Amino acid sequence: MQFEEFESFASDTAPAAARAPAAARAPAADAASPLVRLQYLIDNTPAIIYCTVPSGDFKMTFVSNNAYNVLGYRPEDMVADPNFWFDHIHPDDAPAIFSSLALVFVEGQRAYEYRFRAADGAYLWMHDTLRLIRDEQGAPLEVIGSLTDITIRKTMEEALYSKGQEQQLLIGRLQEAQNQLLQSEKMASIGQLAAGIAHEINNPVGFVNSNMGTLQKYVATLFGVVREYDAAIAAHSPPPALSSRIAQIGKSADLAFLQEDATDLIRESMDGLKRVKDIVQALKDFSHVGENEWQVADLHHGLDSTLNIVSNEIKYKATVDKQYGQLPPVTCLASQLNQVFMNLLVNAGHAIKDKGTITIRTGAQDGWVWVAIGDTGCGIAQEHLNRIFEPFFTTKPVGSGTGLGLSLSYGIVNKHGGRIDVASTPGEGTTFTVRLPVLPPGAAPQG
């Protein structure tokens with residue numbers, strides 16, 4: 001049977017078929033001719049079969065009767081309207097289809113998935129396969145298509161996608177919990193180490209400091225006695241031989257130098273002990289890194305304590321330039337912020353190969369404070385900037401870093417309701433800016 005003969009037959013029977021559901025009209029046994037059987041199969045297949053002209057408007061020339069069961073439209077109405085197909089495609093899906101429809105004439109076949117407006121106004125997802133038919137000379141004859149309702153499949157895909165999004169959210173929360181666990185373990189280890197060191201150092205420093213104070217008094221007393229001796233000798237005019245002997249002893253001992261130098265040595269030693277006491281105090285501050293109580297703190301004090309802790313990491317490489325502004329007291333987890341400052345300062349020191357400068361700037365505005373730590377080091381490559389806060393990502397050589405420092409810092413700052421910004425130029429340096437609200441959302445400051 002030629003397709004034109006079948007099309008004529010199908011068009012003749014379409015109005016009658018549209019009046020009742022196709023599935024209810026099984027062919028009578030005495031009329032089961034091949035044409036009737038074929039019509040019955042087409043009317044009851046899940047796919048809508050259609051034909052269009054092989055031109056730009058793709059006007060429908062035939063639509064199978066089951067269009068009424070699937071879409072609610074009568075086939076003759078769909079054929080009568082030259083723009084029916086175009087007008088019923090969802091506006092968001094139409095551009096992609098129209099822009100590539102001409103490829104049917106090049107490739108011979110195209111498949112699309114789009115939303116099609118049914119008679120009740122609802123949009124159904126349809127899978128549409130178009131195939132170009134050519135005549136014996138190869139000229140386009142017509143385009144035949146098959147429309148299948150895939151709304152249930154699409155609904156399941158959307159449900160799966162939604163479930164996937166929920167799983168991704170859950171994975172993100174699990175990763176955050178893991179980061180918090182790693183952070184807590186790391187901070188607890190640092191705290192135990194710092195507490196132990198502080199305790200071990202504090203005792204000898206205490207008695208050495210006390211002894212130095214006593215020694216300072218003893219030296220002052222001894223040189224006072226020497227001055228009294230000199231005054232007594234001068235007042236009683238001893239014999240020339242004795243005076244010469246006394247002068248020779250004083251010159252040999254160089255008492256004037258000893259007095260000046262001993263005073264300087266004791267003062268420098270006292271200054272050194274004060275620095276050790278400051279480091280011990282800083283270690284004590286860090287011994288509370290496991291605490292999770294919000295408190296009102298002075299960030300400048302935290303920065304200075306942290307600088308004492310990391311001074312050995314940076315003092316041979318960089319000069320620290322402190323440009324502190326006016327900061328209000330901030331409600332925070334102070335020990336955890338000190339951990340952030342330590343990570344940023346250590347990274348700044350590692351970024352400087354020979355000699356450079358680490359600049360610490362602070363300021364406040366509109367209920368927020370900021371701490372910027374910049375270095376004149378090697379900088380960060382542009383392709384790495386969007387990954388530096390990922391757990392275990394590091395640009396340091398193998399064995400030189402775990403890649404957790406910035407990730408943990410990001411988590412701590414995020415817990416405070418703040419953020420970390422980074423600006424870097426390879427070969428010139430990097431600046432990390434920590435921005436924090438003065439009163440984080442949900443924080444409960446301790447009175």
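Hi everyone, one definition to begin with: a residue is buried when its relative accessible area is under 20%, exposed when it is over 50%, and partly exposed in between, using a 1.4 Å probe and protein chains only. What we have here is a predicted model, where local features need pLDDT of at least 70, side-chain atom pairs count only at pLDDT 80 or more, and totals for chains, interfaces and linings use all residues. Residues are numbered from 1 along each chain as its sequence is written, and side-chain values use heavy atoms, leaving out hydrogens and water.

Let's start with confidence. pLDDT is the predictor's confidence in each residue, from 0 to 100. The protein averages 80, and 81% of the residues score at least 70. Helices (H or I, at least four residues) and strands (E, at least two) are DSSP runs, numbered from the N terminus. Among these elements, strand E10 (residues 368-375) has the highest mean pLDDT, 95, while helix H1 (residues 3-18) has the lowest, 38. Please be careful with residues 1-24, where pLDDT stays under 50; the model gives them 37 contacts beyond four places in sequence, a contact being heavy atoms within 4.5 Å. Residues 398-403 also stay under 50, with eight such contacts.

Now, the aromatics. Rings of Phe, Tyr and Trp (its six-membered ring) pair if their centres lie within 6.5 Å; planes under 30 degrees apart are stacked, over 60 edge-to-face, and the rest tilted. How many aromatic pairs does a search of the whole structure find? It finds eight. In one of them, Phe58 and Trp85, the ring centres are 6.5 Å apart and the planes at 45°, so the pair is tilted. Phe58 sits in the loop between strand E1 (48-52) and strand E2 (60-63) and Trp85 in helix H5 (residues 84-88), so the pair ties together parts 27 residues apart in sequence. Are they buried or exposed? Phe58 counts as buried at 4% relative accessibility, and Trp85 counts as buried at 5%.

Next come Tyr73 and Phe84, whose ring centres are 4.9 Å apart with planes at 85°, so this pair is edge-to-face. Tyr73 is in the loop between helix H3 (67-70) and helix H4 (75-80), and Phe84 is in helix H5, 11 residues apart. Tyr73 is buried at 13% relative accessibility, and Phe84 is buried at 6%.
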